[in-house]
Amino acid sequence: MAWRCPVTLYYPYGEERWSASEDSFKIERSSNGTSGWAQIATVGVNGSSYTNSGLACNTTYYYRARAYNTVGHSSYSNVSSASTSACPSPPSAPSNLSASASMWGNVQLTWSDNSNDESGFKIERSLDGASGWTQFATVGANNTSST
C-alpha cells in the first residue's frame with residue numbers, strides 16, 4: 001500500500017490576499033525548486049490556501065503561485081517548500097503462534113501481540129502450510145486468540 005500525504009499552502013497574513021485584482025491564482029509545483037515546474041491547481045478569487053493531497057511520504061515539494069486576470073499574469077511568488085511526513089510502518093508481526101484442537105472440531109489459536117499500533121489481526125489457514133492460504137477470520141487489536 002502506498003501512503004499518500006497532503007501539504008497545505010496558505011497566505012499567512014490574515015484577511016489580506018495574495019493579489020488585489022486577480023481572477024484566480026495558478027499554483028505550480030516542482031521537485032527541486034528550480035526547474036520542472038508544473039501547474040497543479042487553480043484557486044479562485046480571494047483564495048488564500050490550497051491543499052495538495054495524494055503526495056508521496058517523506059518527500060519535499062516546492063511551490064510557487066501567481067495571480068492572473070483578463071490582462072495577464074503577475075510575477076511569481078516566492079518559492080516555498082514543504083516536506084510530507086514519513087510513511088507509517090506496518091505493525092510488528094505476532095509471534096509464538098500455537099494451534100490446539102478443541103472440542104467439536106474447532107482449533108484454538110493463540111499468539112503473542114508484539115505491536116501497539118495494529119488495527120487487528122487477519123487469520124488465515126492452509127491445508128498444507130505452504131500454499132492456498134485463505135483468510136477465514138479477523139479479530140480486533142490487542143486480541144491474542146481466535147477459535
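A charge is taken to sit over a ring if NZ of Lys or CZ of Arg is within 6 Å of the ring centre and within 35 degrees of the ring normal. In this predicted model, Arg64 lies over the face of Tyr76, at 3.6 Å from the ring centre. The charged end of Lys26 likewise sits over a ring, that of Tyr68, at 4.5 Å from its centre.

Arg64 also takes part in a salt bridge with Glu28, in which the closest N and O atoms are 2.8 Å apart. Glu28 belongs to strand β2 (residues 24–30) and Arg64 to strand β5 (residues 60–68), so the pair ties together parts that are 36 residues apart in sequence. The count of salt bridges in the model comes to one. Both partners are buried: Glu28 has a relative accessibility of 8%, and Arg64 has a relative accessible area of 18%.

An open sheet is formed by three strands in the order β7-β8-β11, with antiparallel pairing. Strands β7 (95–101) and β11 (145–146) stand at the edges with a single partner strand each, so one side of each is left without a neighbour in the sheet. Strand β8 (residues 107–112) is joined to β11 by two bridges, and Thr110 stands opposite Ser145 in β11.

One aromatic pair is present in the structure. The ring centres of Trp111 and Phe121 are 5.3 Å apart and the planes are at 55°, so the pair is tilted. Trp111 lies in strand β8 and Phe121 in strand β9 (residues 120–125), and the pair therefore ties together parts that are 10 residues apart in sequence. Trp111 is buried at 8% relative accessibility, and Phe121 is buried at 10%.

How values were computed: Residues are numbered from 1 along each chain as its sequence is written. This is a predicted model: local features need pLDDT of at least 70, side-chain atom pairs count only at pLDDT 80 or more; totals for chains, interfaces and linings use all residues. Side-chain values use heavy atoms; hydrogens and water are left out. A salt bridge is a side-chain nitrogen of Lys or Arg within 4 Å of a carboxyl oxygen of Asp or Glu. Helices (H or I, at least four residues) and strands (E, at least two) are DSSP runs, numbered from the N terminus. Buried means under 20% relative accessible area, exposed over 50%, partly exposed in between (1.4 Å probe, protein chains only). Two strands pair if DSSP finds at least two bridges between them. Rings of Phe, Tyr and Trp (its six-membered ring) pair if their centres lie within 6.5 Å; planes under 30 degrees apart count as stacked, over 60 as edge-to-face and the rest as tilted.
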